[in-house]
Amino acid sequence: MKLEITREWFVRRAKQEGDLEISAGRLARDPTPDETDIEAAVADIADPIRMAFGSLVETMRRRRGLTVEKLAERLDLDVGDIMRIERDAHFRPEPRAVYRLAETFGLPHKALQQLSGNTVARPGLQEQALRFAARSGESPQKLSRDEQRALEEFVAYLQKQQG
C-alpha cells in the first residue's frame with residue numbers, strides 16, 4: 001500500500017482542525033513549495049543580518065564624516081543604492097558595491113559579503129550583527145560613545161572572522 005499525500009489531503013486535514021491555526025513556518029503552508037517560496041524564506045532569514053549591514057555602512061560613513069552623496073561619489077555608485085543599503089533590509093547590493101565599501105572602510109571583504117546577504121554567513125555572525133544593530137543609533141549627528149564602542153567591537157569581530 002502506497003500512502004500518497006497530496007494538497008487535497010492537507011486541505012481535508014486542515015478542515016478537521018476547525019478554527020485552530022496551525023503551521024510549521026512559511027514553507028509549511030504549501031507542501032510543494034516552488035523556488036520563489038524558498039528564496040523568500042531565505043531572504044526573510046537574511047534580513048536581520050542585512051539590517052546590521054546597513055547600520056554598519058551608515059555608522060562607518062558617519063564616522064568618516066561623509067554624506068551619502070560623498071560616499072556614493074567615492075564608490076562610483078548611485079546615491080539611491082547607498083540609501084537603500086543603509087535603510088532597506090530587503091535590498092541586496094551587487095557584490096562589486098560591497099567590495100568597494102569594504103575597500104573604502106578597510107573592512108574584510110568576505111565578512112561584508114556575508115553581511116550583505118551575497119554569501120552564506122558564518123555561524124555566530126547573525127548574533128554579533130544583531131547585537132551591533134541593536135546598539136547602533138539612527139542619529140545623523142556625530143557618533144555617541146556607545147555607538148563608537150559598538151562599532152569598534154563589531155569591526156574587531158569582523159576582522160577575526162577573516163581568517
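Reader: Which residues of the largest nonpolar core touch the most other members?

Author: A core of this kind is a set of buried nonpolar residues joined through their side-chain atoms. In this predicted model, the largest such core holds 35 residues, and those touching the most other members are Leu56, Leu101, Leu112 and Leu115. At least two residues of this core come from each of helix 2 (35-63), helix 3 (68-75), helix 4, helix 5 (95-105), helix 6 (109-116), helix 7 (125-135) and helix 8 (145-161).

Reader: What does Leu56 touch, setting aside residues up to four places away in sequence?

Author: With those neighbours left out, the contacts of Leu56 are Leu107, Leu112, Leu115, Phe132, Leu151, Phe154, Val155 and Leu158. For the protein chain as a whole, among contacts with a separation of 6 or more, 59% join residues 24 or more positions apart.

Reader: Is Glu86 buried or exposed?

Author: The general idea is to compare the relative accessibility with a cut-off, buried being under 20%. Glu86 has 8% relative accessibility and therefore counts as buried. Glu86 lies in helix 4 (residues 79-87), and, beyond its neighbours within four places in sequence, its contacts are Gly54, Val57, Glu58, Arg61 and Val68.

Reader: How many helices and strands does the protein chain have, and what percentage of its residues is buried?

Author: The protein chain has eight helices and zero strands, and of its 163 residues 34% are buried. Its accessible surface is about 10,700 Å², with 51% belonging to carbon and sulfur atoms.

Definitions and conventions. Residues are numbered from 1 along each chain as its sequence is written. This is a predicted model: local features need pLDDT of at least 70, side-chain atom pairs count only at pLDDT 80 or more; totals for chains, interfaces and linings use all residues. Side-chain values use heavy atoms; hydrogens and water are left out. Helices (H or I, at least four residues) and strands (E, at least two) are DSSP runs, numbered from the N terminus. Buried means under 20% relative accessible area, exposed over 50%, partly exposed in between (1.4 Å probe, protein chains only). Contact means heavy atoms within 4.5 Å. Accessible areas come from the Shrake-Rupley method with a 1.4 Å probe; for residues, only the protein chains shown count as cover. A nonpolar core is a set of buried Ala, Val, Leu, Ile, Met, Phe, Trp, Tyr and Cys residues joined through side-chain atoms within 4.5 Å.
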